[in-house]
Amino acid sequence: MPFQLVSDYQPEGDQGQAIAKLTKSLAAGNHHQTLLGVTGSGKTFTMANLIKAQGKPTLIMSHNKTLAAQLYSEFKNFFPHNAVEYFVSYFDYYQPEAYIPRSDTYIEKDSSINDEIERLRLSTMGSLLTRQDTIVVASVSCIYGLGSPEDYANMMVPVWVGQKLTREEFLNSLVGMLFERNDIAFGRGKFRVRGDVVEVHPAYLDEMAIRVEFFDDEVERVSGIHTLTGHLIDRLESHTFFPAKQFVTPGDKMKRATVAIREEANEQVTVFEKAGKLIEAQRLRMRTDYDLEMMAEMGFCQGIENYSRHITGREPGARPYTLLDFFPRDFLLLVDESHATIPQVGGMYEGDKSRKTVLVEHGFRLPSALDNRPLRFEEFMQMTGQRVYVSATPGPFEIVNSRPENKSYIPVKEKTAEGNMPLFDFKKLRVKPSGNDEPVEDFDPTRRGVPLVVEQIIRPTGLLDPVLILRPLKGQIDETIELCRQRVERHERVLVTTLTKKTAEDLSGYLQSTGLKVRYLHSDIDAVERVEILRQLRAATFDILIGINLLREGLDLPEVSLVCILDADKEGFLRNETSMIQTAGRAARHIGGECVLFCDKITDSIQALIDITTYRRSRQQAHNEAHGITPQSVKRALQHSLHTHENAKGHADKLNSSLVADDLGTYDKLRVIAELEEEMREASSRLEFERAAHLRDQLAALKNTTPAAPQQAVKYPAKKRGGSRQAGNS
């Protein structure tokens with residue numbers, strides 16, 4: 001089924017030429033191309049048009065769950081008739097197994113799996129194996145180990161009307177796919193039997209189960225039913241059942257795996273004993289024996305993924321199976337915010353290896369546990385074909401590799417023979433203002449030596465890049481106060497960036513003393529509170545926000561018209577070219593957007609910002625004049641607050657302020673906890689991760705509080721949905 005893009009918009013501004021050039025480059029067989037799209041230029045819409053033009057299964061990678069969820073929602077709207085899937089880590093909480101030799105501290109693995117995200121992951125795997133019109137929005141978790149696609153595909157069971165299949169054969173197949181029988185509590189990954197009728201709730205479906213009715217040794221009817229009411233949803237001609245778990249292995253492979261695990265354990269124990277490490281030898285023997293017994297009796301054990309090399313039958317050192325193995329060989333990769341995503345992919349392997357090496361050396365795991373790992377960067381590149389890097393500030397890797405003659409790639413960390421100098425000068429890789437501005441009809445993607453960086457700098461709204469203003473460092477605080485007062489009088493918002501958390505907090509207090517409404521934002525503030533602070537800034541609860549490095553990509557604040565960068569000439573991570581361009585871009589959604597840089601000298605990063613801004617503004621202004629466009633500020637509705645309860649930080653008085661009195665006579669703490677847990681799961685199922693995290697913090701605070709004394713009024717958290725809670729109905 002071809003990709004069907006549904007949208008009320010047509011390509012505008014630079015979108016049309018960017019789509020045409022990238023499509024032409026992909027058709028020419030180039031492996032690397034970069035879309036340099038400025039803030040607010042509609043990069044997501046351009047990506048959607050590329051997917052439609054290419055017609056290939058597509059993987060869209062993002063560097064965090066929140067941005068991935070936003071992209072997933074947008075692409076679901078663009079492609080409602082195709083399979084748009086969401087694949088991120090399914091852990092709400094994850095504490096990896098680790099050992100600290102210095103203090104002889106062993107930390108056991110602890111995790112909490114999100115059932116809804118697990119369902120979406122299973123749906124992703126099924127769609128990739130059965131459909132060509134699949135778009136997967138994923139985080140970097142897609143490079144971590146997954147079950148074998150061959151085993152997963154071989155264990156799928158297709159059922160159709162008129163098929164010669166007995167009920168017993170079908171039930172045996174369900175058990176082999178790790179479905180559980182439960183005639184009472186019917187849920188995902190379970191089935192129930194009523195005579196010749198078998199009802200199965202596939203783990204990848206939400207509110208629909210599949211009813212299979214038999215007559216003798218034949219399938220008589222296949223239906224989709226509602227999981228709660230049992231009402232008929234649709235009559236089906238056929239349905240394919242996928243395994244209920246992501247990791248499934250045929251019985252014969254598991255038997256071979258247990259033999260191989262036992263042999264490796266004996267060899268490693270011998271090595272420890274010869275080295276005089278008797279404690280490590282005994283520890284490893286006990287751990288392995290216990291795990292093998294659990295696998296023999298239950299089919300699984302805690303940490304079974306550490307034996308994945310034996311279970312899948314891979315050779316020592318071989319790469320693990322990942323989501324990329326479920327894609328056909330020729331698929332399209334779109335890397336969103338590539339300047340952050342590519343380095344993240346490159347850094348996953350070494351961190352995982354260092355932790356597991358310590359576990360292996362001290363007898364907590366077999367050496368084969370090292371093969372349960374994320375992909376190395378070179379393995380990731382070998383498994384992907386054509387790639388489009390999308391960013392407003394592409395990094396050196398993207399720029400160097402976006403050359404038509406490069407059919408391979410230059411590793412992120414490649415060194416010279418001396419091992420200490422990069423093979424290329426990063427400073428010389430900055431995108432020159434000349435860019436790649438050939439007309440589409442004259443554009444030659446095969447021309448050698450030209451970086452294939454397609455610029456998208458004309459916004460559909462006609463907005464220009466913010467005006468840059470340089471001011472001296474002396475008196476920068478007083479100057480900032482005056483600039484803030486001017487913007488506040490015009491009912492506009494201001495962002496101020498500092499270099500340290502202490503400076504942000506102190507400056508916030510000082511500005512408050514002058515009568516300005518100001519808040520600060522940095523990494524010590526939890527994720528939910530950050531979202532609420534940004535919402536309050538847009539709602540004019542306060543006018544000025546002071547931050548450090550969080551006021552960059554991903555922030556959509558149309559009301560902000562001024563960005564002040566203090567100590568702009570202190571060259572470094574917080575004042576490099578990428579950081580400066582991203583920070584200045586926060587004022588790009590307002591018609592009066594300005595960025596003030598306080599500096600006594602023009603550093604390379606400041607000069608780069610000046611050059612690129614001058615070039616972009618000239619292009620944008622010329623386009624507006626040629627087409628008679630009047631720039632308009634972005635208009636966007638204000639989102640609702642994430643806070644449905646007062647903040648409970650472990651203080652009973654704050655907790656009680658968000659409670660509704662009940663007349664039962666005792667404080668039923670367990671009941672309150674159960675209801676908050678239910679709300680947390682509901683929020684998580686709707687991909688509202690910030691709200692779920694906030695409810696989780698409330699649960700932790702509630703568990704640490706002391707229940708009210710008997711005979712006091714019982715109080716329960718007020719639900720915002722469905723009105724207040726009445727006495728006696730939990």
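Trainee: How many residues does helix H17 have, and what does it reach from its first C-alpha to its last?

Mentor: First, the ground rules. This is a predicted model, where local features need pLDDT of at least 70, side-chain atom pairs count only at pLDDT 80 or more, and totals for chains, interfaces and linings use all residues. Residues are numbered from 1 along each chain as its sequence is written, and side-chain values use heavy atoms, with hydrogens and water left out. Helices (H or I, at least four residues) and strands (E, at least two) are DSSP runs, numbered from the N terminus. A helix's expected span is 1.5 Å times one less than its number of residues. H17 covers residues 604–627, 24 residues in total, and reaches 35 Å. That is close to the 34 Å expected. Just after H17, Gly628 takes a positive phi of about 65°.

Trainee: Which residues of H17 are buried?

Mentor: Buried means under 20% relative accessible area, exposed over 50%, and partly exposed in between (1.4 Å probe, protein chains only). In H17 the buried residues include Ile606, Leu609, Ile612 and Tyr615.

Trainee: In what order do the six strands of the open sheet stand?

Mentor: Strands of a sheet pair through backbone hydrogen bonds, either parallel or antiparallel. Here, two strands pair if DSSP finds at least two bridges between them. The order is E20-E25-E24-E21-E23-E22, with parallel pairing. E20 and E22 (518–521) stand at the edges with a single partner strand each, so one side of each has no neighbour in the sheet. The twist averages 20° from one strand to the next. Helix H14 (residues 501–513) packs on this sheet, touching E21, E22 and E23 (544–547), and its direction makes about 175° with that of E22.

Trainee: Is E24 largely enclosed or left open?

Mentor: Six of the six residues of E24 are buried, so the strand is largely enclosed by the rest of the structure. Five bridges join E21 (residues 493–497) to E24 (residues 560–565), and four join E24 to E25. Find Val563 in E24: Leu495 is its bridge partner, and Val563 also stands opposite Cys595 in E25. A crossover is right-handed if, with the strands pointing away from the viewer, the path from the first strand over the helix to the second runs clockwise. E24, H16 and E25 make a right-handed β-α-β unit.

Trainee: How many residues has the largest nonpolar core?

Mentor: In soluble globular proteins, nonpolar side chains tend to be buried together. A nonpolar core is a set of buried Ala, Val, Leu, Ile, Met, Phe, Trp, Tyr and Cys residues joined through side-chain atoms within 4.5 Å. The largest has 56 residues, and Phe241 and Phe380 are among those with the most contacts inside it. Helix H11 (residues 377–383) gives the most to this core, with four residues. A second, separate core of 35 residues includes Ile51 and Phe79.

Methods. Axes are lines fitted to C-alpha atoms, for helices over the stretch in contact, and angles run from 0 to 180 degrees between N-to-C directions. Contact means heavy atoms within 4.5 Å.
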